[in-house]
Amino acid sequence: MSDKAVPSSAKASAAHHNASRVTRHALPYFPGCALKDQARGFEDSARAAMAALGYELAELPRWNCCGTVYSLATDDLMRHLGPVRNLVRVQDLGETRLVTLCAMCYNTLARSSRFVGADPERLERINAFMDDEADYRGGVEVVHLLELLRDEVTFEAIEAKVERPLDGLKVAPYYGCMLLRPREVGIDDPDSPGVLEALLSALGAEPVDFPQKAECCGAYQTVSSPEIARARVGEIVSAARWAGAELIATSCPLCTYNLEHHQVEREERETRHASPVTRHEIPILYFTQLLALALGVSEDKLGFAGLKFDPRPLLSDRELV
Amino acid sequence: MDRIKEANRAVTTGIDDSAVKHWVTVYIMGKGYRVPADITIMQAMEYAGYRFVRGAGCRAGFCGACATVYRTAGDWRLKTALACQTRVEDGMFLVQIPFTPAEKPAYDIEEEPADGTPLLKYFPEVARCVACNTCTKACPQDLEVMDYIQAALRGDLAAVAELSFDCIQCGLCAMRCPAEITHYHVAQLARRLYGRTLPVPKHVLDRVEEIESGKYEDEFEKLLSMSREELEELYRKEQREKGGLNSRDASRVTRNGQGER
Amino acid sequence: MAEELKLVRGYPEYMRKSIERVEASRPRRLEEGPPPGMSLEEREELLKKYHPDYAPGGKRPLVAGPNKGEVAPNEVADLLEAYPLLEPGELELKVDFDVDILILGGGLAGTMAAIWAHEQGVPPDRILLATKLRHGDSNSIMAQGGTQAADKPYDSPTIHFLDAMGGGHFTNKPDVLKALVEDAPFIVKWLTELGCLFDRDENGEFVEEWGGGTSRPRMHAARDYTGMEELRVIRDEFRSRGFGLLEFYPAVELLTDPKGRVAGAVLWNMETDEYKVVRAKAVVLATGGFGRLHIRGFPTTNHYGATADGLVLAYRAGALLRDLDTVQYHPTGAAYPQQIVGLLITEKVRGLGAQVVNRDGEAFVFPLEPRDVEAAAIIRECYDRENCLVTPTGLRGVWLDSPMIEEIHGEGTIERRLPAMFRMYQRFGIDMRRDPILVFPTLHYQNGGVETDPWGRTNVEGLFVAGEVTGGVHGKNRLMGNSTLDCLVFGRRAGIAAAEYVKGKKAPQTVTLDHLKGFVEELRAAGVPEERRSPMLLPDYRGKRVLARMIDLL
C-alpha cells in the first residue's frame, strides 16, 4: 500500500477529498459507478474529447452512487439521499450545474432534483436527516453532455474543430429511454429526437434514422427476464442494420450492455425486420468515442479496448485509425 | 518499586472511593449508578460491579469488543463509542453491543480475481446502499464508512483499503445500516484483494530464495558454535561499526530512518 | 478530578511550563541528536540499579513443579503454585469433542497453527481452536510497531540473530532464534500473498523502520495497526477454511493419557458455566502473556485475558519453563491522562525520531536502547533524579517528544504512520503533533515461558507451544518486532510439527486428570494454602465498595 496520506480522523467536512479547483471552463462532472468500472471507455473518451474542445470534466469530490431508478421510488424519501447528497457536493463547490454522461445517472439525478424541489417539506425533511451536510438549497441544474454540446458549445464550433471527419460512416443514433422520458427531464423531443443526429452530422458521419431509435432496450429486465431484453435488442439492432447502419451510438452503459450482450444471442430468431445481416456483429460505441475520434484524439484514449465488438477493423478500413 | 505500585493502584486494582473527588451518575441499561467522574465507561461499569465476560478485549481501542451505544441527558441523538476509550458523562444512558450477527462468507482468496467483482459477488447487498451516511456517523474510529462502501460499489479497491484501514470491526456500522450491509466484512475482503494486486517486493523474494538455498548456513554454524564472550564481542563490533547505534551522531539513525549503508 | 484543574489543550496548566521547556530545547536537540547509546557494561549497571526485575522483594523460588527452586515473580508464582479450579475426582470425563489437534488461544500464534496444520494435510474438521474470549482477542491484535524481517540487501538473518542475542543478554536459545530469523522473510512473503497490507514506499518496496536494539532498520509495519492487520488477514483466512472454533471457552485444565502425554483439555463455557471435554492427539498452547497480573503493581499494555492461564496448565502437565525471572516492561506506556494509563506507546514513535526528554527539556537517554535498558533509564529519571512530571493522580512520567516526528519526516507523518495513537490522544483532547506525550514504563511482555525447540515441541509429549507463552527465543529481553514474528514463525512451526506428530496416530485411549495428583501433593507438602487457585481466567477490577457488599444468591 503506497505511503500516502490517510484522511484525517476528524469527521470529514463535505468537500475535502481532492476537490478540484473549478475554473471557468471546468465543469463539475458526475461519473456514476459504471463509468468507473465496465464503462471506463465512456469516461476516458469524454474527457479527451472535452479537453480538445477546451473544457475540463472536473470529477465531483466524494460523489456517491445515484441509485438509478430505485432512487425514484416516490414513496421512499430516504432513497433520494443518494442523489441529493451529490447535489450538495455541487453546492459546496459554489457551482450550480452538474454534467453527466450516463443517461441513467442523468435521468435519476435530474428527476430527483425536481422531486425534492417540488415540495419544500420534502427538502426540509431530507436536510434535517442529513445533519452531517450543509442544507441543500435547491437550484442545482443537472445537465447531460449532449445538451451542453448542443446549447453551449454548439455543433458549429464542434464541426470547426473536427480533425478527422468521419468520412460518411453510417451511424445509427440510439437514444434509449433515459435521455428522453419523462418529458420534464427529456433533453429532446421523445417522439422525434435529433440531437444525436445533429452531432453525428457535425462530425462528418452519416446518421442513419430508424424507427427503434428511442425504444427501450429492456434495461434491468436483462437480469431477471433476459428474454425481454433479447426481444427488444433484436428489434433495435436489426432495424438499425436494415437501415444500413455500420455502428450504433449510445449514451448509456446499460443500453450498451444489452445491445452488445443480447446481440449475439439474437442469431437465429425471428424479427419483424428479418434480415440476413442480423447475424453480423455491429459495434456499439458511446457517442463520446466518436466525438473524440473526430476531434483527433489519439487511439489509446478512445477506450475501444473495453468494447465487446471491436470497431477498429471497420474504422481502419475507412482510414480513421 | 513500592512507590510505583502505590501510584498505579487505581489502574491495577479496583477504584478506591476515598481517592475520588468528583462523581457523576450514569445509567447502565437503565439503572443509575454513581461513579467517579474521571474514568472511562468500561472502568465505570466495573466500578458499578460488572465483571466483563463479553464486552472487554484489548481495553485500548484496537479490538472493537466494547462497542457502546448511548445518549446523553436531554439529547435525542444516538451516539456511539468504545467503552475503553471514552470518559463518562453525567446523565449518560448506555448499553453495550458486544456482538454483531454477521456470518462471513468463505472464499479462497487465490481463486478470486484481484479486482472489485468479488465484492458484489459475496456482498450483493452493497448495492442497496442509499448513501444515508448512518454508518459513518456510527463509526467510533471516525472512518468514512459510506465512502468506502461507495468505493466498493464501483470496484475501487485502493479507495476501500485506504478509507477502511483503521477499522477495528466493532460492528456498530452494520447494526445501524438500513440496507443491512456488513461493512467490515466487505472491507476485509476488499483490503485482501487490494493487497494481492501489489506484488511481493523483489528484495523479499530474493532473500527468501537465498535462505532456502542455504546461503547463510555457514555463518550460522559459526554463530551457533560461539561462546557467550565471542558473541558479545561480535555484537559490540556489529553495533558499533555498521549500525551506528553507539555512534555519537545518533541523529543519523533517527533522522532519515535508513542509517548508513 | 480534571474539573479542578484547568486543562490547556488536554494538559493541566502546571505541566505547560515543562512543555514550553521541551519546545524551547527542541531545535537544539534536533540538531545535536540525543545522547549516545550505552556500552554493554553501562547497560548492565543501569539495569541492576533501576530495573524492576532487579529490585528486591518481587520474586521468590518456586516450591513445586518442574522448575522447583527457580525464581519467578510473586504474582506468577502465586498462580503456578496453586490448586486446580476443578475437583479432579468429581469431574466426569466423557469426551464431547474428538479432534486431531486442539489449539488453545486465538491470537496470531494459534491462528497460524491452525492454518499451517491444515496446509500440512490435517482436515479442517479435525482441528479445533478454543479461545477464552473472541477469536482475535489477544495481545497480538494490539501490537503496533511492526514485525522484524531481514529482507533488505543491507541486512541479513545473521545480523538479526545478533541483534536479538544482544537484546536478550546472550541467553537466547540459539537454534530457536535461528529458526525465528530465518523464517522471517518467508513469513512476510506469505502474509503479503494473502493480502496483508504492509506499508510501502513510492517504489513499492516495504518501508522498514528502526527498533530498539536493532542495528538495521527492518521493522515491517501496517501504519501502527500492524498486529491488527496481520491478525485480521489470517483470521479471515481461518474463517474461510472451516475449522472448529469455540469462543468464550477457556481451557481450565489439560488432559493427559496414562503415559503422561497430553491428550486434550477441559474447556469451560464462561457464559453458561458448562464444561466440555476435548480429546486430541496433540495440543498447541498459544495462550499468550501475563500482563493482567500487574507484576510489581505496574499497569499493563496487555489485553483483558492475559492472565498466564496456559503457563499454569502446561506447568501442571510437567512442562519445563525458563526465563521466568525476567519480565519486560515497555519503557513507554501512557502516563497521562488517567484513562489510558499503561497503554502502549509504540517504540515506533522513537523509531521515527522522537526523543525521550525530562521535565527540564533535556534528552537524557539514547531513545532506542533495548527495552529493559530504556525502561530502567526512565525509572531512574523519575524516581532517583526526580526530573519528571507528576500527574494529578500521582503517577510520574517523562516526555516523549512526538512533535519532533513532524519536524524530521514532514507534516502529516503522525497521522499517516501513527493513526491509532493520534486518534487515541485526540479522544482525550491532546494533539500529539503539537505537544509531547507523557510516558512511564508499563508491564508489557512475558520474555520467558514454556521451553520449546525450534518446532514448538516441549518436554511433554503431545504438547506444542507457540507465541508469548513460550520461553527461550528472546532470552531475557525481547526486541521490538520480534514478538509478532515469534507468533507467526512458531505458530506455523508448531502447526506443522503437530500435524506431523498426529499423522498415523490413534486417538488417546483414555483422558485423565491424573497428572494433577502428584502436583497437588507437592503443593500440600510445601504448605501452599488451599485457597490459592488457578488459572485466574479474568482479572477483577470491580469497585471495592461493590465487592464488599456482594453476595452470590443464584
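Visitor: What area do domain 1 of chain C and domain 2 of chain C bury between them?

Guide: The model is a predicted one. Chain C is divided into domain 1, residues 7–53 + 329–443, and domain 2, residues 97–147 + 234–327 + 446–515. Their centres, taken over C-alpha atoms, are separated by 34 Å. Carbon and sulfur atoms carry 57% of the area the two domains bury between them, and that area is about 1700 Å².

Visitor: Which three residues supply more than any other three of the area that domain 1 of chain C buries against domain 2 of chain C?

Guide: The contact draws 20 residues from domain 1 of chain C and 19 residues from domain 2 of chain C. Of the area that domain 1 buries there, 38% is supplied by three residues: Tyr329(C), Arg371(C) and Leu443(C).

Visitor: Which element gives the largest share of the side of domain 1 of chain C that touches domain 2 of chain C?

Guide: Between these two domains the count is 0 salt bridges, whereas 11 residue pairs are in polar contact. Two elements give two or more residues to the domain 1 side, namely helix H10 (371–383) and strand S20 (437–445) of chain C. The largest share, 4 residues, comes from S20(C).

Visitor: How many residue pairs are in polar contact between domain 1 of chain A and domain 2 of chain A?

Guide: In chain A, domain 1 spans 23–145 and domain 2 spans 163–317. The area buried between them is about 2000 Å², with 77% given by carbon and sulfur atoms. Across this interface the rule finds 0 salt bridges. The residue pairs in polar contact, both at pLDDT 80 or more, number 10.

Visitor: Which helix of chain A gives the largest share of the side of domain 1 that touches domain 2?

Guide: On that side of domain 1 of chain A, helix H1 (40–52) and helix H3 (103–118) each supply at least two residues. The residues of the side divide into 18 nonpolar, 5 polar and 3 charged. The largest share, 8 residues, comes from H1(A).

Visitor: Why is chain B described as more spread out than a compact globule?

Guide: Chain B contains 13 helices and 5 strands. For its 261 residues the globule rule gives 18 Å, and the chain is more spread out than a compact globule because its radius of gyration is well over that value, at 26 Å. Along the principal axes, the C-alpha atoms of chain B fill a box of roughly 70 × 60 × 35 Å.

Visitor: What area is buried between chain B and chain C?

Guide: This contact takes 104 residues from chain B and 128 residues from chain C. Phe62(B), Phe165(B) and Tyr235(B) supply 8% of what chain B buries against chain C, more than any other three residues. Carbon and sulfur atoms give 57% of the total, which is about 10500 Å².

Visitor: Which helix of chain B gives the most residues to the side that touches chain C?

Guide: The count between chain B and chain C is 10 salt bridges. One of them joins Asp166(B) to Arg223(C), with the closest N and O atoms 3.0 Å apart. There are also 37 residue pairs in polar contact between chain B and chain C. The helix that gives the most to the chain B side, with 10 residues at positions within 228–243, is H12.

Definitions and conventions. Residues numbered from 1 in each chain as written. Chains lettered and ligands numbered in written order. Predicted model: local features only at pLDDT ≥ 70, side-chain atom pairs only at ≥ 80, totals over all residues. Heavy atoms only, no water. Contact = heavy atoms within 4.5 Å. Buried area = accessible area lost by both parts, 1.4 Å probe. Salt bridge = Lys/Arg side-chain N within 4 Å of Asp/Glu carboxyl O. Polar contact = N/O pair within 3.5 Å; in protein donor to acceptor, adjacent residues only side chain to side chain. Domains from an automatic or database assignment. Rg over C-alpha atoms; globule rule 2.2 N^0.38 Å. Nonpolar A, V, L, I, M, F, W, Y, C, P; charged D, E, K, R; others polar.
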